[in-house]
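I am opening a page of notes on a structure that is new to me.

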Amino acid sequence: EYSDDLGISWNLISDTVPGNRRLWAWELPPTATGEGLIRVSRSGQSGQNLYPFTIVGTPQNIQIGQVCPDSIQLSWDSVPSATIYDVFVLGDKYMDSVASTTQTQISLYGLNPLQENWFAVRARGANGIKGRRSLAVQQNAGLVGCNVVTDVSLRSITTPEVEKIQLCLE
C-alpha cells in the first residue's frame with residue numbers, strides 16, 4: 001500500500017504479490033506529495049518506511065524550439081500537480097538551475113547559441129516539493145528557426161589607410 005498523506009489514509013497497490021517476489025514495478029499516482037509512505041503487509045505483519053518520500057512527475061518531451069543570437073526557446077509536456085518548473089543548463093561541470101517558470105515553455109537569454117548546450121527541467125509541487133530532473137537534451141551549435149532581421153555588412157573601404165569605412169545595416 002502507499003499513502004500520500006503520512007499514513008492518514010492508505011491506497012492498495014496490489015494484494016497479489018507472491019511472498020518470494022523481491023521487486024515490484026509500481027506506476028506512481030498522478031498527484032504530487034512530499035508525504036509519501038509505503039507499507040508492506042503479509043500474514044498480519046507489516047512494515048513501512050520511516051521517512052516520507054516525494055512523488056512528482058518528471059517532465060517529458062523537452063523540445064528545443066528557436067535558437068537565436070539572443071535567446072533559446074524550450075518547451076515540455078505538463079506534469080500533473082506541478083506548480084512550477086526549474087530549468088537547468090549544463091555549466092562547466094554540473095547542471096545549473098538558471099530559471100523557473102509556471103509555464104511549460106521558456107525563453108533563455110545570455111547563452112551562446114553557436115556552442116553546444118544541454119538542458120533539463122524539474123517539476124515542483126505545492127509546499128516546495130521537488131521531483132527528479134529530466135534527462136538532459138542537447139542543443140547543437142548553430143541557429144535554428146530564427147529569422148535574423150538586422151545584420152551588418154561592409155560596403156567599402158575608400159582608401160588603403162582606412163580613412164572612411166561605410167557600414168550598412170540591412
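Entry one, salt bridges. I began with the salt bridges and found three of them, where a salt bridge is a side-chain nitrogen of Lys or Arg within 4 Å of a carboxyl oxygen of Asp or Glu. Before going on I noted that this is a predicted model, in which local features need pLDDT of at least 70 and side-chain atom pairs count only at pLDDT 80 or more, while totals for chains, interfaces and linings use all residues. I also noted that residues are numbered from 1 along each chain as its sequence is written, and that side-chain values use heavy atoms, with hydrogens and water left out.

One of the salt bridges pairs glutamate 1 with arginine 39, and its closest N and O atoms are 2.8 Å apart. Glutamate 1 sits in the segment before β1 (2-3) and arginine 39 in strand β2 (residues 33-42), so this pair ties together parts that are 38 residues apart in sequence. The cut-offs here are under 20% relative accessible area for buried, over 50% for exposed, and partly exposed in between, with a 1.4 Å probe and protein chains only.

Entry two, aspartate 86. Which strand holds aspartate 86? I found aspartate 86 in strand β7, which covers residues 84-90, and its relative accessible area of 2% makes it buried. Its side chain meets that of arginine 122 in a salt bridge of 2.8 Å, N to O, and this links arginine 122 in strand β10 (residues 117-124) to aspartate 86 in strand β7, 36 residues apart. A further salt bridge, 2.9 Å from N to O, joins the side chains of arginine 124 and aspartate 86, with arginine 124 in strand β10 and the two residues 38 apart. Through shared partners, Asp86, Arg122 and Arg124 are joined into one network of salt bridges. I checked the burial too: arginine 122 and aspartate 86 are both buried, and arginine 124 is buried likewise.

Aspartate 86 also has a polar contact of 2.7 Å to serine 100, side chain to side chain. By polar contact I mean a pair of N or O atoms within 3.5 Å; within protein, one must be able to donate a hydrogen and the other to accept it, and residues adjacent in sequence count only if both atoms are side-chain atoms. Leaving out residues up to four places away in sequence, aspartate 86 touches Ser97, Ala99, Ser100, Ala120, Val121, Arg122 and Arg124, contact meaning heavy atoms within 4.5 Å.

Cysteine 68 lies in the loop between β5 (63-67) and β6 (71-75), and cysteine 146 in the loop between β12 (137-139) and β13 (152-157), so the pair ties together parts that are 78 residues apart in sequence. The torsion about the S-S bond is about 125 degrees, so the disulfide is right-handed. Cysteine 68, at 7% relative accessibility, is buried.

Serine 134 is found in the loop between β11 (130-133) and β12, and with a relative accessible area of 7% it is buried. Apart from neighbours within four places in sequence, serine 134 is in contact with Thr58, Pro59, Ile62, Ala120 and Val121. The C-alpha atoms of serine 134 and isoleucine 62 are separated by 8.5 Å, although the two residues are 72 apart along the chain.

Of its 170 residues, 26% count as buried. Among contacts between residues at least 6 apart in sequence, 50% join residues at least 24 apart.

Technical notes:
A disulfide is a pair of cysteine sulfur atoms within 2.5 Å. Helices (H or I, at least four residues) and strands (E, at least two) are DSSP runs, numbered from the N terminus.
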